[in-house]
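Subject: The structure, and what turned up in it

Hello,

Here is the structure to look through. Please open it first, then read the notes below.

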Amino acid sequence: MTTPSIPTACVIGWPIKHSRSPIIHRYWLQQLGIAGDYVRHAVAPEDVGAFFRDFAKGPFIGANVTVPHKEAAFAAVSRADAVATALGAVNTVWLEEGALVGANTDAPGFLANLDQLAPGFDSAGGPAIVLGAGGAARAVIWALKARGFAPVHVVNRTRARAEALAERFGPGIEAASFEDLPALLPHAALLVNTTSLGMQGEPPLEIDLGPADDRLLVTDIVYIPLETPLLAAAKARGLRTVDGLGMLLHQAVPGFEHWFGQRPVVTDELRALILADI
Ligand code: ATR
């Protein structure tokens, strides 16, 4: 690969062509007047080890890492931040004195989005419900635990996966099933969907929000469509909602700052830019 003439970061994944990350980083580069670039870079699973091993040789100054390479990135870095270490997954890498360093910005990104779109909410704390038990659920559970939500009920179709997460994260994290929701909802302060249900092309997530407390905040990490059937149902029930787009935008902030040296801001204009592309 030829070395680009300006500092260039990338997002790797397999497949990668649908990633919106270039829109985000190019917007910030332009806003801040920085001569740099950010590109999609497809890396097949069999090539990911070599990609990280040779990273310091160029051409990239840093990278975001998406599915299915986050665990491989964690294994490849010489140092990882506390979140990445807890999750065993890295989504952002950069070089420090030639060594590859990694972080997981999904969990902080989730919290930053809540803080921006529901200011003051987190101080309320209280019990939370996380729907799903995959990689996204892990990041959200870590974030909620860090913020002091307790207990965090992990509700999953395959209960054994919820139980595995409860065991991994320890006290305060409890496995549950969808049948438990009517009993859990009246006490919950926050409900987060991390399943793929409600995503464009997937079946809707159908849960009865009737028993929920009126103060329940409902958030979805799905952002295509922006208003998922879950968020629409929550609004119809008069509940506060936070959509998932901001998590994508906020998780991008630390990487940009590491690579290009300035901390970018998640603006309404940036949200509109991504929405125009969806
Ligand atoms: P990710 O890493 O993006 O979170 P994942 O590991 O594939 O993705 O997890 C997808 C989540 O959506 C899982 O919690 C999955 O439930 P199972 O563990 O039971 O598979 C959930 N999910 C996907 N399709 C679902 C469906 N039709 N009904 C209920 N849950 C579903």
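First, a definition: Ala, Val, Leu, Ile, Met, Phe, Trp, Tyr, Cys and Pro count as nonpolar, Asp, Glu, Lys and Arg as charged, and the others, Gly among them, as polar.

Two notes on reading the model. It is predicted: local features need pLDDT of at least 70, side-chain atom pairs count only at pLDDT 80 or more, and totals for chains, interfaces and linings use all residues. Residues are numbered from 1 along each chain as its sequence is written.

Helices (H or I, at least four residues) and strands (E, at least two) are DSSP runs, numbered from the N terminus.

**Domains.** The assignment, which is automatic or from a database, gives domain 1 (8-105 + 252-277) and domain 2 (108-246). Their centres, taken over C-alpha atoms, are 26 Å apart. In contact means C-beta atoms, placed from the backbone, within 7 Å. By that test, 11 residues of domain 1 touch 10 residues of domain 2. On the domain 1 side, α4 (82-87) and α12 (268-277) each supply at least two of the touching residues. That side has seven nonpolar, two polar and two charged residues.

**Core.** A nonpolar core is a set of buried Ala, Val, Leu, Ile, Met, Phe, Trp, Tyr and Cys residues joined through C-beta atoms within 7 Å. Buried means 20 or more other C-beta atoms within 10 Å of a residue's own; exposed means 12 or fewer; partly exposed is in between. The largest core has 87 residues. V90, A128, V130, V140, I141 and V154 have the most contacts inside it. Its largest share, eight residues, comes from α6 (residues 135-146).

**Helix α7.** Which residues of α7 (residues 159-169) are buried? They are A162, L165 and A166. They cover an arc of only 100° around the axis (from directions to the C-beta atoms), which puts them on the same side of α7. They pack against α6, β8 (152-155) and β9 (173-176). The face turned away carries the exposed residues A160 and E167. Just after α7, G170 takes a positive phi of about 80°.

Best wishes

Conventions
Contact = placed C-beta atoms within 7 Å.
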